[in-house]
Amino acid sequence: MSSVLPERRPTDWASPAMQSRIAARYRAERNFRRLGAAALVIAASFLAFLLFTIVRDGWSGFLRTEAKVEVTFTPATLGVDPAAVSGPDGKAVLARADYLALMNEAAKGLGPASGTLSDAAWLGLRDQLLADPALLGKRVTLWVPVRSTIDLLAKGKFDLAAPADSRGVSDREVAAWRWLEQQGRLRTGFNSAFLGNADSTEPELAGIGGAALGSLFTLFITIIIAFPLGVLSAVWLEEYAPKGRLADLIELSINNLAAVPSIIFGLLGLAFFLNIAGLPRSSPLVGGITLALMIMPVIVIAARVAIKAVPPSIRDAALGIGASPIQVVFQHVLPLALPGIMTGTIIGIARALGETAPLLLIGMRAFVTDVPQGLTAPATVLPMQVFLWSDDVQRGFVEKTSAAILVLLVILIAMNSLAIHLRNRFERRW
Amino acid sequence: MNQNPAIGHNSVPKMTARNVNVFYGQKQAIKDVSIDVTSEHVTAFIGPSGCGKSTFLRCLNRMNDTVDGARVEGRIELDAQDIYAPAMDVVQLRARVGMVFQKPNPFPKSIYENVAYGPRIHGLARAKADMDNIVESALRRAGLWDEVKDRLGESGTAMSGGQQQRLCIARAIAVDPEVILMDEPCSALDPIATARIEELIDELRGRYAIVIVTHNMQQAARVSQKTAFFHLGTLVEYDDTSAIFTNPKATRTKDYITGRYG
Ligand SMILES: Nc1ncnc2c1ncn2[C@@H]1O[C@H](COP(=O)(O)OP(=O)(O)OP(=O)(O)O)[C@@H](O)[C@H]1O
Ligand SMILES: [Mg+2]
């Protein structure tokens with residue numbers, strides 16, 4: 001066969017042409033490695049910059065400044081009758097007392113800084129007295145939160161060298177803060193209100209507790225709807241659906257659905273759940289259903305991949321000793337596919353947790369000052385809270401915004417780590 | 001070669017196939033095969049690769065039902081009952097006609113669970129003690145008991161290939177089948193493990209009807225009493241193993257067993 005072909009000369013592997021080809025190959029290899037490393041460095045530095053600015057602006061959001069005041073629980077100011085307090089309904093009487101008046105009275109003792117206490121400072125007085133009714137008529141020293149401006153002054157957030165009209169804080173406030181400092185009446189501590197409270201018009205009272213609980217309720221609804229529906233759809237598609245045009249069409253639709261902009265799901269939620277089904281606006285229930293629709297395709301796709309990855313030999317083994325199709329699915333295929341399904345689900349949920357667009361349309365943008373009481377009560381969610389605060393003109397919300405982003409990031413990182421952990425822990429090799 | 005190659009037996013056949021055709025979509029993989037399988041013999045299916053041995057074997061417990069586009073025509077009976085009749089329960093059929101696959105495929109569960117799974121889903125054991133008995137006797141019959149009796153809780157996938165294959169045999173016999181189908185059960189094993197399985201098949205003979213697909217002529221000669229030679233989807237010759245190997249009637253059989261092709 002090769003008789004017509006000219007005789008091949010033996011390859012000279014040491015020739016200069018060969019050598020330069022080898023050198024070129026090494027060069028290409030080196031350059032490619034450098035390029036890859038450079039890309040990674042650029043990406044990592046963007047991320048580091050983002051994290052740095054958020055942490056720099058946000059860490060002080062977890063702290064708040066308190067002022068020391070002396071309070072006398074005078075029954076007359078409180079508007080309570082000491083006899084009634086020692087009576088059977090004592091607690092109820094104390095709970096209804098006029099602490100605001102008492103607070104104003106106590107604030108007078110602060111002299112030039114009398115206007116620096118937070119509007120909600122009286123809550124501290126009430127808690128104190130309710131905890132110990134014997135304090136009635138006595139004088140105590142208390143630490144209560146100050147207004148946001150004083151808080152920011154204490155944290156050094158204002159440039160005091162700037163001219164008065166551009167630094168965002170008045171001379172009177174600066175003077176009040178200086179006086180408090182000199183008197184040793186200021187301290188900065190952990191801001192438990194930030195984690196526990198709901199939103200507020202006052203930055204020093206605003207917290208992410210309400211939004212966090214709203215997120216929790218919403219994700220609860222999302223999970224209990226999207227997980228079973230997604231997994232069952234995937235099982236049906238993989239195990240029962242007749243292969244053919246219909247299956248291809250469904251597959252195409254699901255893949256497209258996973259790529260649909262999330263705001264479209266918000267429109268659907270608005271049109272269907274609010275306007276037709278009449279479910280309560282702004283509620284975690286509607287938000288959860290809407291997000292469930294959004295992440296279901298993600299779960300279906302992840303579950304199908306995981307189910308496909310279960311080797312057919314396991315199916316054959318089970319079928320071969322007379323397991324029914326449903327036993328094969330629930331006793332063999334699903335347990336083996338579960339880590340993959342869980343990973344996909346957690347990633348889907350993490351996406352739902354960070355979502356705002358669809359929730360805007362179903363009214364979860366609401367300003368909610370109460371921690372949500374249930375699945376149908378008005379609520380907002382963490383990313384929405386970030387959005388609302390970032391929109392607020394008050395200076396005190398800047399650090400709150402970054403602090404809320406930090407909380408959101410920590411939760412997201414925790415969820416993704418869990419997904420990775422599950423994948424590594426239960427990953428099997430056959 | 002016009003006569004029906006199915007061989008009549010003196011005894012009642014356990015399984016009979018008559019004029020079986022199998023199609024994968026348009027493609028015909030089995031052409032008009034008729035054969036009887038008895039309980040007292042081990043039957044070997046031999047033939048070149050792609051001739052349809054696995055396809056035909058999988059018809060006998062309807063594993064082809066799970067293959068998309070596979071279609072089976074003709075009549076296959078187990079104890080004179082049509083296994084493709086609508087009244088036949090596939091799950092029970094597969095319990096009665098067990099299968100051991102080419103590649104050992106234990107469940108990724110404990111050794112005990114691997115064997116106990118079948119009896120459990122078919123409700124064969126009432127109490128834990130019953131199940132323990134079933135598991136022990138199945139492992140004993142599969143010649144595995146002494147090797148694993150102290151580590152029944154370990155994963156079935158953590159054993160050697162030969163042990164895994166014997167575990168799969170134990171799993172199949174734990175549901176007390178009447179027929180055991182084996183599709184090249186030793187092709188993934190070394191000669192020592194192969195010898196163990198062959199011994200085992202010999203011990204199981206008579207108790208179960210055994211059908212074994214093999215590419216190994218010596219193995220067919222060693223373990224089987226009946227041999228069926230398939231070629232291009234047809235059953236060319238079916239006879240006593242000794243007759244097939246010493247005195248094949250068809251030239252195609254002779255060419256194959258003497259290694260002329262395949
Ligand atoms: N799922 C399938 N879909 C389509 N064609 C198939 C399928 N399975 C087997 N075939 C075809 O059917 C014919 C018989 O295959 P089969 O697996 O039964 O052969 P075999 O005799 O077992 O071969 P081997 O000895 O290599 O295992 C082959 O031509 C094969 O290509
Ligand atoms: Mg085969």
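Gln327(A) lies in helix 15 of chain A, where helices (H or I, at least four residues) and strands (E, at least two) are DSSP runs numbered from the N terminus. Leaving aside neighbours within four places in sequence, Gln327(A) is in contact with Gly322(A), His332(A), Tyr117(B) and Ile121(B), contact meaning heavy atoms within 4.5 Å. Between Gln327(A) and Met364(A), 37 residues apart along the chain, the C-alpha separation is 43 Å.

This is a predicted model, in which local features need pLDDT of at least 70 and side-chain atom pairs count only at pLDDT 80 or more, while totals for chains, interfaces and linings use all residues. Residues are numbered from 1 along each chain as its sequence is written, chains are lettered from A and ligands numbered from 1 in the order in which they are written, and side-chain values use heavy atoms, with hydrogens and water left out.

**Annotated regions of chain A**

- UniProt, in an unreviewed entry, assigns "domain: ABC transmembrane type-1" to residues 212-419 of chain A; UniProt positions are given in the numbering used here, feature names are shortened, and annotations may be inferred rather than shown by experiment.
- Residues 212-419 of chain A are 77% helix and 0% strand, with 21 Å between the end C-alpha atoms.
- The annotation "transmembrane region" (UniProt, unreviewed entry) is recorded for residues 35-55, 211-237, 257-279, 285-307, 328-350 and 403-422 of chain A.
- Residues 211-237 of chain A are 100% helix and 0% strand, and their end C-alpha atoms lie 37 Å apart.
- Residues 285-307 of chain A are likewise 100% helix and 0% strand, with end C-alpha atoms 30 Å apart.

**Helix 10 of chain A**

- The axes of helix 10 (residues 209-240) and helix 17 (residues 382-390) of chain A come within 8 Å and cross at roughly 145 degrees; axes are lines fitted to C-alpha atoms, for helices over the stretch in contact, and angles run from 0 to 180 degrees between N-to-C directions.
- Helix 10 of chain A contributes Ala211(A), Ala212(A) and Ser215(A) to this contact, and helix 17 of chain A contributes Leu382(A), Pro383(A) and Gln385(A).
- These contact residues comprise 4 nonpolar, 2 polar and no charged (Ala, Val, Leu, Ile, Met, Phe, Trp, Tyr, Cys and Pro count as nonpolar, Asp, Glu, Lys and Arg as charged, and the others, Gly among them, as polar).
- A salt bridge joins the side chains of Arg304(A) and Glu238(A) at 2.9 Å, N to O; the term denotes a side-chain nitrogen of Lys or Arg within 4 Å of a carboxyl oxygen of Asp or Glu.
- Arg304(A) belongs to helix 13 (residues 284-308) and Glu238(A) to helix 10 of chain A, so that the pair links distant parts of the chain, 66 residues apart.
- Over all chains, the count comes to 35 salt bridges.

**Surface patch**

- Leu232(A), Trp236(A), Tyr240(A), Ile326(A) and Phe330(A) form a nonpolar patch on the surface, with about 530 Å² of accessible area together.
- Patches are made of residues with over 30% relative accessible area and no salt bridge, like charges being joined within 9 Å and nonpolar side chains (Val, Leu, Ile, Met, Phe, Trp, Tyr) within 5 Å; areas come from the Shrake-Rupley method with a 1.4 Å probe, and for residues only the protein chains shown count as cover.
- Helix 10 of chain A gives the most to the nonpolar patch, with 3 residues.

**Chain B**

- For residues 15-257 of chain B, UniProt lists "domain: ABC transporter" (unreviewed entry).
- Asp176(B), with a positive phi near 55 degrees, lies in the loop between helix 6 (161-174) and strand 7 (179-183) of chain B.
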